[in-house]
Amino acid sequence: MLSSDGGPVTDYDRCFCPAVQNGDFPGEACVHGSDEETCAHCAMAKPSFCSSSFGFDLIRLTDSEKLRRIVLASAKGFSIGAGLKGGLGLFSILVRLRRRRSSSATRKVEVFSNSEAISLAIKETLRYGLFLGTFAGTFCSLDEIIGSLGGHRRTARWRALVAGLVAGPSMLLTGPNTQHTGLAIYILMRAAVLASRCGIKSKRFGRICKPLTWKHGDIFLMCLSSSQILSAYILKQESLPPSYKSFLNKHGGKDAAILQGVKEIATGMAFTNLEAVEKYYKSTGIDIKLDPKMKVPCTIIHGKQSCGGHFVSFLIEAYKRALPVYLPVYLVPALIVHRQGLLKRPYRILGKGLLGTARSSLFLSVYCASAWMWTCLLFRIFKKCNIPMVAMGTFPTGLALAIEKKSRRIEISLYCFARAIESFFTCMADAGYLPQSENLKRADVVIFSISTAIIMHCYAQERDVFRSKYLNVLDWVFGVPPSPCETPRCKNSCYRRNEDSGEDSSQQLLEASRLQI
């Protein structure tokens, strides 16, 4: 049988609509591109039948191609996991060596030697590589197995959901006793955003989810996160992950004695370390005598400086601390991802990288400086310091996120919100407000599995809710073949069938695009 262009009929030309597949339509399967623009059963088919999950209904893979997809997905997943963790490990080792050289005369006894730190970094690199490699391989394997046994079209609506759920426990490969609550909550936030965007598109849930399209919702989310995170930084640092606590201690710019003094006055405890605060200021050349009956901790926070003067001086120092953080974030991708364009337009690419570095560094420095400014202002207005005042004073700190580029705001706010949730529930559990479950020891794995199930289901069924850069990465890892509806013959028929509902869909997508991911 020949197609309209005189060539043999291929899987791209032949129609595999449900009516033909199930034997409901008599005769031979029609050929797209024939004299009729569409066949009868194509015209009756719903738009969603043009391409189902991953397009495997129209592109039939051989067993060797399926095996190749699984192996490649595993290898690519391993390379991403090992590359990310290995890069972070290498950076931490370099920082460790530099710090050791600069403070060789006064350094304290370290917990790990350099060789032990390198060995640990290599183990972590392999563990995270195995984690993501196993996740990708398990997902692709289950996707192919379920599709082969139950039919790709029949299982299209739930296959990716089940495969993502079963692949989730791959997280255990990072270490059976290693908790990843922060990562699990972050992935859950990602899944929630995707589900919300699907809800915005839906006629049934569109009105319910419409408030999520608020233009400045990302900044409000950052303010909520800041209230919890910065309050925990001052009052209960043990509720924060060690790495994040170290980051806050560095960019918070305050000695532990100062934080302890603020904590004691906020919680109504008697001062136990005013001498340590005075000693710290004396080491910086400031001779100060603190009043044990003080009600406002401004002199503890910035000594003899005024609140406004402290904000300016702290901002300058904070900017110097922030620059080394963001330089590799912007310049390394420019050298790796845009290496070809770097040869053609180096000034433009490097200029954008330097501008992004300056902008993000300004955000972080203003964020840290304003945290002390807002709390000092509130303490001065109400002439007292307590826990609610600390929470209220750190809330407007999140407004600094407006400095960042719009596309980065949701990224930062979701990351901080995940940290805030983890810290909040840790505080609640330590206070005895949450029951301790002895049966569910790895809640992080359960949360991660549910989240990946939602994400992979959206990836298979609602691909338009992803930003293109994330979709490209997922397509590269999981080896998704191109949708047959992207071919010229099928695209025309799919376009005509979708034309009637185009206006409604475009309006829904416009609203959904405001909640970016």
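## Basis of the model

Residues are numbered from 1 along each chain as its sequence is written, and side-chain values use heavy atoms, with hydrogens and water left out. Because the model is predicted, local features need a pLDDT of at least 70 and side-chain atom pairs count only at pLDDT 80 or more, while totals for chains, interfaces and linings use all residues.

The protein chain averages a pLDDT (the predictor's confidence in each residue, from 0 to 100) of 78, and 75% of the residues score at least 70. Over residues 1-53 pLDDT stays under 50, and the value also stays under 50 over residues 105-109. Where pLDDT is low, the predicted coordinates should not be read in detail.

## Overall make-up

The protein chain holds 21 helices and 0 strands, which are DSSP runs numbered from the N terminus (H or I and at least four residues for helices, E and at least two for strands). Of its 517 residues, 43% count as buried, a word that means under 20% relative accessible area, whereas exposed means over 50% and partly exposed lies in between (1.4 Å probe, protein chains only).

## Salt bridges

The whole structure has 14 salt bridges, each being a side-chain nitrogen of Lys or Arg within 4 Å of a carboxyl oxygen of Asp or Glu. In one of them, Arg-159 meets Asp-143 at 2.7 Å, N to O; Arg-159 lies in helix H5 and Asp-143 in helix H4 (residues 114-150), so the pair ties together parts that are 16 residues apart in sequence. Both Arg-159 and Asp-143 are buried, and they belong to a network of salt bridges that also links Arg-69 and Glu-144.

In another salt bridge, the closest N and O atoms of Glu-411 and Arg-190 are 2.2 Å apart. This pair links distant parts of the chain, since Glu-411 is in helix H17 (residues 406-430) and Arg-190 in helix H6 (residues 181-201), 221 residues apart.

## A nonpolar surface patch

Helix H5 (159-167) and helix H18 (443-461) each supply at least two residues of the patch, and the largest share, 4 residues, comes from H5.

Conventions
Contact = heavy atoms within 4.5 Å.
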